[in-house]
Amino acid sequence: MTPSKNIFVAVLDAFRSPIDCFAAIYEHPKWAVLPYLIAILGPFFLWNSYFGNVDMVWLQQELMTQFVNANQQIEESWLTKEALLAREVIGDIGGRTLCIFVLALWLHLATKGNQYKHSYGKWLAASCFIMLPTVIGDFASYINIMFNSSNILPNAADLNSLNGLIKLPMHNPWASFSATIPLLAPWYIALTYAAITAWTDYDRAKSIVVACLPWLLTLIVWPIMIIAA
């Protein structure tokens with residue numbers, strides 16, 4: 001294991017050699033600022049390209065229809081290009097930031113039983129690198145938007161989520177669930193596993209359980225809540 005030499009190599013190592021990346025992040029947690037910036041800047045480029053290419057008249061009509069089908073009221077002023085762009089960008093940034101903080105809290109609590117104690121701040125740094133694959137999802141979404149000959153709704157354009165593939169309409173009760181489940185979850189789990197094995201004395205089985213559990217809980221608890229409702 002050879003720790004990454006600098007912040008830029010650490011970002012590359014998150015994809016090609018995660019163990020080396022996390023070995024370096026343990027010593028330089030402030031490096032996490034770069035992957036976090038990458039994660040939150042992606043939505044700016046993605047949604048600017050989307051709203052720069054979509055037919056706004058078509059989009060506004062489709063959204064109005066979707067809200068009517070969902071028995072929701074919406075002001076027309078909320079359907080302007082600027083308002084919709086702000087909604088998507090803020091939603092993505094807020095969601096990714098929340099995911100990073102919650103994942104760090106989970107790792108901080110779930111690894112208290114090992115002999116190597118790490119602060120919440122270190123797990124927060126690791127979580128920023130764990131979420132780096134979002135940039136791959138953003139790029140795939142960008143390609144989807146630029147090379148799609150027909151208009152698509154925002155929730156179908158974002159290939160970071162399951163709904164980017166199955167394209168459920170907004171009034172479908174499972175739409176929010178499918179829009180929340182990341183297609184890259186296996187990658188996040190793999191990086192989480194790498195961080196746990198690099199920083200703790202947990203064996204392979206326990207590391208896998210800790211890495212998988214938060215995503216499995218989402219897959220199990222949310223559908224139960226939808227069915228119960």
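Reply: The turns below treat ring pairs, charges over rings, the nonpolar core, a surface patch and salt bridges. Please note that this is a predicted model.

Me: How is a pair of aromatic rings described, and how many aromatic pairs does a search of the whole structure find?

Reply: Two quantities describe a pair of aromatic rings: the distance of the centres and the angle of the planes. Here the search of the whole structure gives 9 aromatic pairs. One of them joins phenylalanine 22 and tryptophan 199, with 6.5 Å from centre to centre and 85 degrees between the planes, an edge-to-face arrangement. Phenylalanine 22 belongs to helix H2 (residues 18-27) and tryptophan 199 to helix H11 (residues 185-199), so this pair ties together parts that are 177 residues apart in sequence.

Me: Are phenylalanine 22 and tryptophan 199 buried or exposed?

Reply: Phenylalanine 22 is buried, its relative accessible area being 1%. Tryptophan 199 is buried as well, at 5%. A further partner of tryptophan 199 is tryptophan 123: the ring centres are 4.9 Å apart and the planes stand at 50 degrees, so the pair is classed as tilted. Because tryptophan 123 lies in helix H6 (residues 120-130) and tryptophan 199 in H11, the pair connects parts that are 76 residues apart in sequence.

Me: Which residues do ring pairs link into a cluster?

Reply: The cluster consists of Phe22, Tyr26, Trp123 and Trp199. A charge is also placed at one of these rings: lysine 122 lies over the face of tyrosine 26, at 4.4 Å from the ring centre. Elsewhere, the charged end of lysine 206 sits over the ring of tyrosine 202, likewise 4.4 Å from its centre.

Me: Which residues form a nonpolar patch on the surface?

Reply: The patch is formed by Val209, Leu213, Leu216, Leu217, Leu219, Ile220, Val221 and Ile224, which together have about 670 Å² of accessible area. Valine 209 is located in helix H12 (residues 204-228). With a relative accessible area of 48%, valine 209 is partly exposed.

Me: How are salt bridges to be read, and what is their count here?

Reply: Side chains of opposite charge can pair when their charged atoms come close. The count in this model is 2 salt bridges. In one of them, aspartate 13 pairs with arginine 16, the closest N and O atoms being 2.7 Å apart. Both residues lie in helix H1, 3 residues apart, about one turn of the helix. Aspartate 13 counts as buried at 6% relative accessibility, whereas arginine 16 counts as exposed at 57%.

Me: Where does the salt bridge of aspartate 138 lead?

Reply: Aspartate 138 pairs with arginine 96, again with the closest N and O atoms 2.7 Å apart. This pair links distant parts of the chain, with aspartate 138 in helix H7 (residues 134-146) and arginine 96 in helix H5, 42 residues apart. Aspartate 138 is buried at 6% relative accessibility, and arginine 96 is buried at 9%.

Conventions
Residues are numbered from 1 along each chain as its sequence is written. This is a predicted model: local features need pLDDT of at least 70, side-chain atom pairs count only at pLDDT 80 or more; totals for chains, interfaces and linings use all residues. Side-chain values use heavy atoms; hydrogens and water are left out. Rings of Phe, Tyr and Trp (its six-membered ring) pair if their centres lie within 6.5 Å; planes under 30 degrees apart count as stacked, over 60 as edge-to-face and the rest as tilted. Helices (H or I, at least four residues) and strands (E, at least two) are DSSP runs, numbered from the N terminus. Buried means under 20% relative accessible area, exposed over 50%, partly exposed in between (1.4 Å probe, protein chains only). A charge sits over a ring if NZ of Lys or CZ of Arg is within 6 Å of the ring centre and within 35 degrees of the ring normal. Patches are made of residues with over 30% relative accessible area and no salt bridge: like charges are joined within 9 Å, nonpolar side chains (Val, Leu, Ile, Met, Phe, Trp, Tyr) within 5 Å. Accessible areas come from the Shrake-Rupley method with a 1.4 Å probe; for residues, only the protein chains shown count as cover. A salt bridge is a side-chain nitrogen of Lys or Arg within 4 Å of a carboxyl oxygen of Asp or Glu.
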